[in-house]
Amino acid sequence: MLKKPVRLLLCLALVIPCTANAGGSMKDALSTVPSDALGCLCVPNLKSVDANYQTMIAALGLQPFVPPPANSLVTLVQQMLPFGSGLDMDGPMAVVLMPADNPFELGDKAAIILTAKEPKAVLETMGATPGEEGVWSLMLFGSPSFAAVNGSRLIFAEQSDVAKAVGASKEGLHTKLKENELKSLDGLDVAVWIGADRLLTKFKPQIDGFMNMMAMTQGAGNPMAMKQAELQKKQIGLFIDGMATLSMGLGLKESGLDLRFAFTSRPGSELRAQTKVRNTTDSLLKNLPGGKYMLAFGETADPAQVKASLSSLDDYIAIANEVEGVDKEKVGQLKQVLETWAPMITGVRASVQAVAPNDLGVFRLSTVIDTTNSTEWIKQASAAVKLLQSIIADEGLTEVAGSDLQEFVKAAKFEVNAEKIDGSEVAHMSMDLSKIDLLDEDDVEELHGVIGKEGALVRMAAADAKTIVVTFGGGSETFGSALKLAKSGASPLEDDAGIKRTSAGMAKDRYLVGYLAVDEVLKGIRHAMAAMDEEPIPIHMPPIKAPLGITGIGGDGWSQLDMFVPTPLLVAAKDAAMAFMGSQAAAPAAPAEPGN
């Protein structure tokens with residue numbers, strides 16, 4: 001059933017690896033797709049694919065490894081497809097999935113849409129025979145297939161009714177999509193769109209059957225495991241019942257590669273309530289330290305979304321109350337504390353830095369939390385930790401929780417006024433690693449080499465009425481610097497050259513930004529391994545001012561996530577990979593054992 005659609009899709013495998021949208025828009029490509037399609041894959045312009053494919057090969061220095069004809073996608077398409085020379089390479093290309101009565105028919109409902117200046121001449125060249133209602137019969141990749149013509153569009157399908165339906169379509173998919181959906185697809189060079197509300201509904205009986213089988217397998221003879229499996233099923237159902245449309249794609253620019261994921265949710269669904277976001281043009285890196293970083297990110301939080309997400313807490317509380325020996329009163333108190341504490345957060349920003357091994361550790365984590373009331377937030381956080389400790393550490397739960405987990409919990413401590421720094425009362429959340437039997441002295445010493453002599457110690461304090469500073473690693477000096485920075489309101493990380501380069505093409509009105517400096521991550525790993533007296537990883541990358549970037553935007557019932565990989569990072573990653581492979585190939589062979 002699926003063989004012929006796979007053959008029809010074969011040519012797409014040639015153009016998907018690297019694409020670019022130099023001519024033609026995604027809206028033009030969507031206009032070729034019937035409005036009632038269940039899903040589609042679109043490429044706006046075939047010729048631009050080829051041009052930028054070649055540009056990327058040159059940028060990565062891969063010309064010696066990609067000889068002709070593989071260095072030209074257009075040439076490959078023309079040579080591999082029997083009708084390739086007749087295609088309009090300046091036109092769009094799409095694969096569509098038409099409606100089916102049941103999921104087992106979906107494989108028969110695929111069609112491919114190409115453009116040609118003289119589509120009927122192409123069919124005649126292929127030896128196609130015209131039939132009734134505009135449907136042509138032909139052999140495609142050695143199998144009987146059908147074709148239709150709609151203007152300059154050339155449609156191929158394995159079923160005559162599919163070719164006929166696509167060929168007769170008068171209304172394009174672009175007319176059915178909302179403005180935010182069209183925007184999320186705009187600028188992409190290859191995109192996949194799925195009518196999730198219709199497609200997932202067809203598979204729901206199969207998904208429910210599979211989840212029921214998994215629940216029975218996981219929960220056989222274990223009522224608690226059965227309840228957890230049922231909760232997993234409910235969480236998956238949240239997406240199946242709430243998802244309206246789903247899209248993903250990529251765009252290639254001279255500056256780098258953009259990967260995009262977007263979805264819309266059904267009105268009134270729980271998914272819509274739980275994925276509500278709050279965009280902002282304000283800095284999402286405010287108060288984070290400048291200089292080198294491994295990771296930096298910032299995100300706003302919508303109190304209504306947080307409250308909606310806490311609805312699943314009832315399911316977990318119900319499961320917890322089923323545990324024999326659990327203190328249900330304390331579990332109820334914990335639920336109340338979490339429902340008060342979590343919605344108080346209105347934003348989070350954090351960065352991780354790596355430094356050479358020293359007494360204060362290899363890593364420096366700095367976090368800034370925006371709240372509605374910083375003092376109350378710390379108070380509620382302390383209450384939550386202590387309640388959780390009291391529940392898990394109860395002797396009546398040793399058999400359920402496990403002695404190892406209880407040891408970790410008992411070794412933890414939360415002190416509200418542990419020290420004073422820069423005039424602020426600083427809270428400590430710590431864990432005494434020496435009290436954990438699972439760790440011997442060597443383990444503790446090794447961990448202290450990475451996290452510092454203070455051990456597992458987190459500091460937090462209110463910088464003002466609505467701002468909290470949290471640090472890990474670096475001791476009181478690092479915390480003091482972070483506290484002063486938060487009180488100043490400065491945003492030094494916004495001036496980083498790499499962040500400026502990566503963020504240049506990213507949305508300015510967003511709810512999430514993130515930057516991953518891969519060169520600094522590798523350096524951090526080497527520092528950590530050195531602190532543990534381990535051999536360093538044999539992968540090296542020179543310093544580059546081009547972090548991987550992530551940005552999230554959204555609105556009422558929709559959300560979009562972009563990941564941008566700058567070209568300098570792609571080049572550096574390729575060079576690092578080739579250097580690693582070269583070093584491995586040049587490594588001397590192990591000496592032969594005596595007698596061999």
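This is a predicted model: local features need pLDDT of at least 70, side-chain atom pairs count only at pLDDT 80 or more; totals for chains, interfaces and linings use all residues.
Residues are numbered from 1 along each chain as its sequence is written. Local features need pLDDT of at least 70, side-chain atom pairs count only at pLDDT 80 or more, totals for chains, interfaces and linings use all residues, and side-chain values use heavy atoms, with hydrogens and water left out.

User: How many helices and strands are there in the protein chain?
Analyst: Helices (H or I, at least four residues) and strands (E, at least two) are DSSP runs, numbered from the N terminus. On that basis the protein chain has 21 helices and 20 strands.

User: What percentage of the residues of the protein chain count as buried?
Analyst: Buried means under 20% relative accessible area, exposed over 50%, and partly exposed in between (1.4 Å probe, protein chains only). The chain has 596 residues, and the buried part is 47%.

User: Is strand β19 mostly covered or uncovered?
Analyst: Strand β19 spans residues 548-555. Of its 8 residues, 6 are buried, so by the cut-off for buried the strand is mostly covered.

User: Which residue is the bridge partner of isoleucine 550 in β20?
Analyst: Two strands pair if DSSP finds at least two bridges between them. β19 pairs with β18 (residues 512-516) in the antiparallel sense over 5 bridges. β19 also pairs with β20 (residues 558-566), antiparallel over 7 bridges. In β20, the partner of isoleucine 550 is methionine 563.

User: Which residue in the turn of the β19 and β20 hairpin has a positive phi?
Analyst: The hairpin has 2 residues between its strands. The positive phi is about 85°, and the residue is glycine 557.

User: Which element supplies the largest share of the lining of the largest cavity?
Analyst: On a 1 Å grid over the protein atoms alone, a cavity is a set of points where a 1.4 Å probe fits but cannot get out; lining residues have an atom within 4 Å of a point. Grid points are joined across faces, edges and corners, and a volume is the space filled by probe spheres set on the points. The largest cavity has a volume of about 70 Å³, and 13 residues line it, including Glu181 and Ser184. The largest share, 4 residues, comes from α7.

Note on methods
On a 1 Å grid over the protein atoms alone, a cavity is a set of points where a 1.4 Å probe fits but cannot get out, and a pocket is an open set with protein on both sides within 12 Å along at least five of seven lines; lining residues have an atom within 4 Å of a point.
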